[in-house]
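Please keep the sequence and the model in view while reading.

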Amino acid sequence: MQDCTDVFARLSEYLDRELPGATCEEIEKHIAACAPCVQFVESLKKSIHLTHGLTPEDPLPPIPEELKQKLRRAFDDGARRRGK
Amino acid sequence: MPEGDLNIAERLLSGDPAAFEEFVESYRRKLFQYSFLMCGLREDAEEVAQDTLLKVFSSLEQLREPQNLKAWVFRIARNECLMKRRKSVFAPEHELSLDELRPQATGEGDARAIEIADWSGLPDDAAERSEIRRIIGQGIKELPDTYRAVILLRDVEELTTEEAASVLDVSTDVVKTRLHRARLALRQKLDQSLRSAALGIA
């Protein structure tokens, strides 16, 4: 039987579906009957979701032409080395 | 691993100029974001992003498994960051304990509740709100190094547990443990911001 402390310790693995099926079911059962855990899980899910694909606060300026040409030369040289 | 990564890796290996454009466009921003949150200084981050791209293009033949493109690129970026890193830019290294990250509970039985902000006003997408991006970015920066490294790879860049473990040279169990604590710390930070109405959502 899982209590709040057990659930709290394994929430990320639970949300990432990295736990064995039986453990997952036990956690689900606990959460379904525990209002504080529901609230907590919802806030954690939202926080994780907001982190996905986080973009810079100040956008990156367009790539300077000189840098782009340098990268392109490295790319083309590599392709030539590989016989492409 | 998304199919797009395998596809772009194979096209890069075959020397396709359109793949070069796509890769630079998408990875320059990712690498800048990762390095900025890892190293802390904008100028260092721009340099890490460009040095990583240069290393990627000059050593593409070392990418043995094209499906591992993203992890391979971030491994290079991580090494570039380690070389740049100046000490004490961010929070000192310390362990995050689960106890500190648990919300306070009040009441007994059916009346049991936790102290938590109202999260319902937050949008689903951080891109909609620059102050949310700022708070999350700041929250990530305040994490100790080892936790920050994991959350950036797993949640910001969405690498798998195995990929993050290979980038960081640690076991998958270590990735899982650190990720959970990093997420809890970030959640706590957002919760505190919501409560202090720093997000302007009353």
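## Terms and basis of the model

Helices (H or I, at least four residues) and strands (E, at least two) are DSSP runs, numbered from the N terminus. Residues are numbered from 1 along each chain as its sequence is written, and chains are lettered from A, and ligands numbered from 1, in the order in which they are written. This is a predicted model, in which local features need pLDDT of at least 70 and side-chain atom pairs count only at pLDDT 80 or more, while totals for chains, interfaces and linings use all residues.

The pLDDT is the predictor's confidence in each residue, from 0 to 100. Chain A averages 91 on this scale, and 99% of its residues score at least 70. Among the elements of chain A, the lowest mean pLDDT, 93, belongs to helix 3, and the highest, 95, to helix 4.

## Layout of chain B

Chain B holds 9 helices and 2 strands, and from the N terminus on its elements follow the order α-α-α-α-α-β-β-α-α-α-α. Along the principal axes, the C-alpha atoms of chain B fill a box of roughly 65 × 35 × 35 Å. Of the 202 residues of chain B, 40% count as buried, a residue being buried if 20 or more other C-beta atoms lie within 10 Å of its own, exposed if 12 or fewer, and partly exposed in between, with C-beta atoms placed from the backbone.

Two residues are in contact if their C-beta atoms, placed from the backbone, lie within 7 Å. Of the contacts in chain B with a separation of 6 or more, 64% join residues 24 or more positions apart.

## The two domains of chain B

Chain B is divided into domain 1 (3-84) and domain 2 (98-195), with bounds that come from an automatic or database domain assignment. Their C-alpha centres lie 25 Å apart, and the contact between them takes 10 residues from domain 1 and 12 residues from domain 2. On the side of domain 1 that touches domain 2, helix 2 and helix 4 (69-84) of chain B are the elements that give two or more residues, and helix 4 supplies the largest share, 5 residues.

## Where chain A meets chain B

The contact between the chains takes 36 residues from chain A and 48 residues from chain B. On the chain A side, helix 1 (4-15), helix 3 (35-51) and helix 4 (65-81) each supply at least two residues, and helix 3 gives the most, with 12 residues. The residues of this side divide into 17 nonpolar, 10 polar and 9 charged; here Ala, Val, Leu, Ile, Met, Phe, Trp, Tyr, Cys and Pro count as nonpolar, Asp, Glu, Lys and Arg as charged, and the others, Gly among them, as polar.

Helix 3 of chain A is also one of the partners of helix 6 (residues 130-141) of chain B. The buried residues of that helix, among them Ile132(B), Ile136(B) and Ile140(B), pack against helix 3 of chain A together with helix 2 (17-39), helix 7 (145-156) and helix 9 (172-195) of chain B.

## Nonpolar cores

A nonpolar core is a set of buried Ala, Val, Leu, Ile, Met, Phe, Trp, Tyr and Cys residues joined through C-beta atoms within 7 Å. The largest has 58 residues, and those with the most contacts inside it are Val150(B), Ile151(B) and Leu152(B). Its largest share, 11 residues, comes from helix 2 of chain B. Both domain 1 and domain 2 of chain B give residues to this core, so it lies between them.

Leaving aside neighbours within four places in sequence, Leu152(B) is in contact with Tyr34(B), Leu37(B), Met38(B), Ile140(B) and Glu157(B).

## Individual residues

Arg17(A), in the loop between helix 1 and helix 2 (21-32) of chain A, has a positive phi of about 55° although it is not a glycine. Arg17(A) counts as exposed because it has 8 C-beta neighbours inside 10 Å. Glu158(B), in the loop between helix 7 and helix 8 (161-168) of chain B, likewise has a positive phi, near 55°, but counts as partly exposed, with 14 C-beta neighbours inside 10 Å. Most residues other than glycine have a negative phi.

Definitions and conventions: The expected span of a helix is 1.5 Å times one less than its number of residues.
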